[in-house]
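The sequence and structure are shown first.

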Amino acid sequence: MYDKGKIIPGLIVFVLIAVSPIIYNRGNAGHVPNPEKPKNAKECVRPVAEMRESHMQMVIDWRTDVIRDNGAREAVTAGGVKYVRSLQLGCMKCHTSKQKFCDECHKYASVEPYCWDCHIAPEEKD
Amino acid sequence: MKVLQSVLLVLALVVVGFVVAIIPGGQALIGKVLPYLAFAVFLLFFIVKVVGWAKSPVPFRIPTTAGQEKSLPWVKQSRFDNPSTTGGVIVRMLLEVTMFRSLFRNTKAEMHDGPYLAHGSSKYLWLFALIFHYSFLVVVLRHLRLFLNPVPGLIQALGGADGFLQVLSPGLYISDLTIVLGLVLLFGRRLVRPQIRYISLVNDYFPLVLIFAIATSGILMRYIIRPDIINIKQLAVGLATFHPVIPGEMGTIFFVHLFLVCCLLVYFPFSKLMHMGGVFLSPTRNMANNNRMVHHDNPWNDPAIKPHSYAGYEDEFREVMKEAEIPVEKE
Amino acid sequence: MADPKAEQLGIGVAKDPSLMTGAIPRRGWMDTPAIFKPGNYCYPGKPEMVEYLNKALPGKFGEPRVWSPEDEDWKLPENWKEIILEGLRERLDKFRSLKIFMDCCVRCGACADKCHFFLGTGDPKNMPVLRAELLRSVYRREFSKAGKIMGKMVGARDLTVDVLKEWFMYFYQCTECRRCSLYCPYGIDTAEITMMMRELLHLVGINTNWILEPAANSNRTGNHMGLQPHTFKENIEYLVDDIEEITGIRVEPTFNRKGAEILFITPSADVFAEPGIYTAMGYLLLFHHIGLDYTWSTYASEGGNFGLFTNNELMKKLNGKMYAEAERLGVKWILGGECGHMWRVVHQYMDTLNGPPDFLEVPKSPITGTVFDNAASTKMVHISEFTADLIHHNKLKLDSSRNDHRKVTYHDSCNTARAMGLLEEPRIILKEVVNDFHEMPEHTIREETFCCGSGTGLNTGEIMELRMRGGLPRANAVKFVKEKYDVNTLSCVCAIDRATLSVLMDYWTPGVDVCGVSELVGNALIMEGEKERETGLRFEPLAGSEEGEADV
């Protein structure tokens, strides 16, 4: 007839699912990423804002160019320093820790770059 | 005409979102206030609608029987297409909600000279609907990575599975492709099939165009105009913890995207999109066909309605009945 | 206006531009008015019928008056709009189904080409989705904010006299067969909507005589034709005479007999009209064959229930006789004959309307001992279920070769198929009593079956073209098996089918007889002490005797 016994629990489940993010977070915004800045350099190969938004594009372009199209490795200059177009020999020369730099944001935003499918992350000194 | 109206409506919404996003305080409005309003409207009126349905009783048991009834023990019953038990109904509903069972039956009729009518299986609508709805579901679930901190393994895994192709950077989500595909197919079907075009209303095109605009702005943000995802997540988590913040630059497009999503949320409970709730309440699908096995009550059944009485009948026909040697109560 | 010949109509159906043949109407459906002309509407109810029913159920049938759909003025009550909207509000509060069906349609169009009336007429408003939109558009205007504000843009429109007229046209071009509801992803059942709409129309006195007169008759005399008790009995006695002539056996049915174990109720059409009477002869033979302790009733002499085509209240009132008579006679349970909409009412409504009948027992076959648990509450069993059980237990002596003059196919009645699920039982019977059986093509049988095109009180002569168009999909499937397998007999378990399909076959596929399954059972039954049969139950020559004649 009215099926209250099914509709009300159904609605409750629906609301619980809808507000599940609120319940899950329990009012706690959690850890906000704070990637460790390099100590030995002041300037990156591109402006910080551009790096934040598009580093993934640049890194993948490097890979394509260097690995697949036999492009030159040494090509990027920043603050008068030449950098190798390479994840481990370039980027990670300054950003030495995967955990303290890369993972900070990647984990926060649940991004799983497949860099590390091939590259072996440097040993963390800590 | 109706298509144009729908597109213009959505364009107007895009413009509104854009304008508000660039005026001072506008971003805070869209980012910190509107989502709460929209979400509250969505939840509240969704519930109001369902409760409104629930307030009317189901006076009769009227399942559409789509297979053999349960009758004699040696006659094989269609347990799920014509269920007689709660378990059977649950399976029927699961098949309906998750697999679109009824649409899977779809046929297409063609009239040929003769006249000769041909009926063939037609699974396009079923396929298009599946593509769209499952893509939509995956996209929504994926977005949880922005609202939950830390991100649960399941959501992470879903993102990984959705991006398993490992092309482009950031990685391409298959659901981004398929949701657009699904929308285009469903929209195209409305335009191409004369029968569907004739019945389609603005109410039918509009949600498709709106979701298309939402999906497009989302895709643009992932692959082309990339706002800072960390800021976006801070905003999203802020919303989900009741401490909304605008942590920094996020790009106008993000606010347009968010504005459109809010529009969809507000539109939802007042529109045909409520089929999401309605599908669970449809009396022709969610009732067991045990009509003759168990009594079903109707709350407004009127006991005062009685058949024309036998006494009245006999009074009228007693003489002819006696003549025809039909037994009577009163001689 | 003469009805068109089949050949001419056949060309029209396939060639005339319509939404079914690929042409899109230039005008939107809201701007296309319903135009009544001779042949496209059923005659309105006679004032005396309306008056009689209004006495039985005050306020449900509007004012008795003489009016015609072709007239500009339908002589509606002044406050007709108020009555309709109030009635709609009341029904929304009474039926969850109506609310859901108004709110959930996404106009996906899966139902569009499922309706036999759309397939046969190509009229857009016969697409189930659009049929429902005829109401939904008004619902949006009156019961939704968006519709109130934005009107036509969101598919809302005012309730006007023209809308009312349109409703009368198209809710009497729906036979409530539920084929559309089978394919609907939300199970939207146009039958349910049509039922509500007809109820509303009745409130303001918009009605058809072909429904009201049988309903009024049924209330008074117990059956649609208004057969009085002695005539009802006489008619069955004619059948008894015929049975004696054919088989040499005299069966002895009883009437209104108290203390019988079983009350048998079948549509009255089986008692007075061809080819239903042959089905009735089948019942009589079967019951005699197994020595069943049963009685007919002249008071509850109608299985059918035209109340279903008017409103809930009348349906309840007419249906009430079955239990009332079963209680008066003190029977143990009720056996029901072959009928479609009767079984819709019995299966889906009776127990709720007038039950539970605690004075009856759970049906148990006195011959096989089988307990019909599937009818444990309603206590009424379908003749096909009953016969299939007899056959399963080898209780019938059958000679299926007596049906060798028949190449048979089977039409699932829309009601027994989609509102009950009685699909296998008739086939189990047919397998035993017929040697040459062929199914019609898939998508036209079982749960996907097509309506005869004339159900829900549309079986009237004045709309013959419409009926032939609506019946085309069914006839077409029969034609297929006729051409492929030489099928000459269309069997069914529905009294309306027996009447309407006969006309339909004569029109589209001449040479196909229509019969009830029980007629074929009657033909095949080897009665104890019978003489050698030379003919079937309709005095038609049997296969062997035909050859004999040919040899001469």
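## Domains and basis of the model

Chain B is divided into domain 1 (2-66 + 105-288) and domain 2 (307-331), with bounds that come from an automatic or database domain assignment. The C-alpha centres of domain 1 of chain B and domain 2 of chain B are 67 Å apart.

The model is predicted: local features need pLDDT of at least 70 and side-chain atom pairs count only at pLDDT 80 or more, whereas totals for chains, interfaces and linings use all residues. Residues are numbered from 1 along each chain as its sequence is written, while chains are lettered from A and ligands numbered from 1 in the order in which they are written.

## Overall form of chain B

Chain B has 13 helices and 2 strands, taken as DSSP runs numbered from the N terminus (helices: H or I, at least four residues; strands: E, at least two). Its C-alpha atoms fill a box of roughly 100 × 50 × 45 Å along the principal axes.

The radius of gyration of chain B is 28 Å, whereas a compact globule of 331 residues would have one near 20 Å; the value is taken over C-alpha atoms, and the globule rule is 2.2 Å times the number of residues to the power 0.38.

## Interface with chain C

In the model, 85 residues of chain B are in contact with 99 residues of chain C (C-beta atoms, placed from the backbone, within 7 Å). Elements that give two or more residues to this side of chain B include strand S1 (107-112), strand S2 (116-121), helix H9 (202-223) and helix H13 (310-323).

Definitions and conventions
Contact = placed C-beta atoms within 7 Å.
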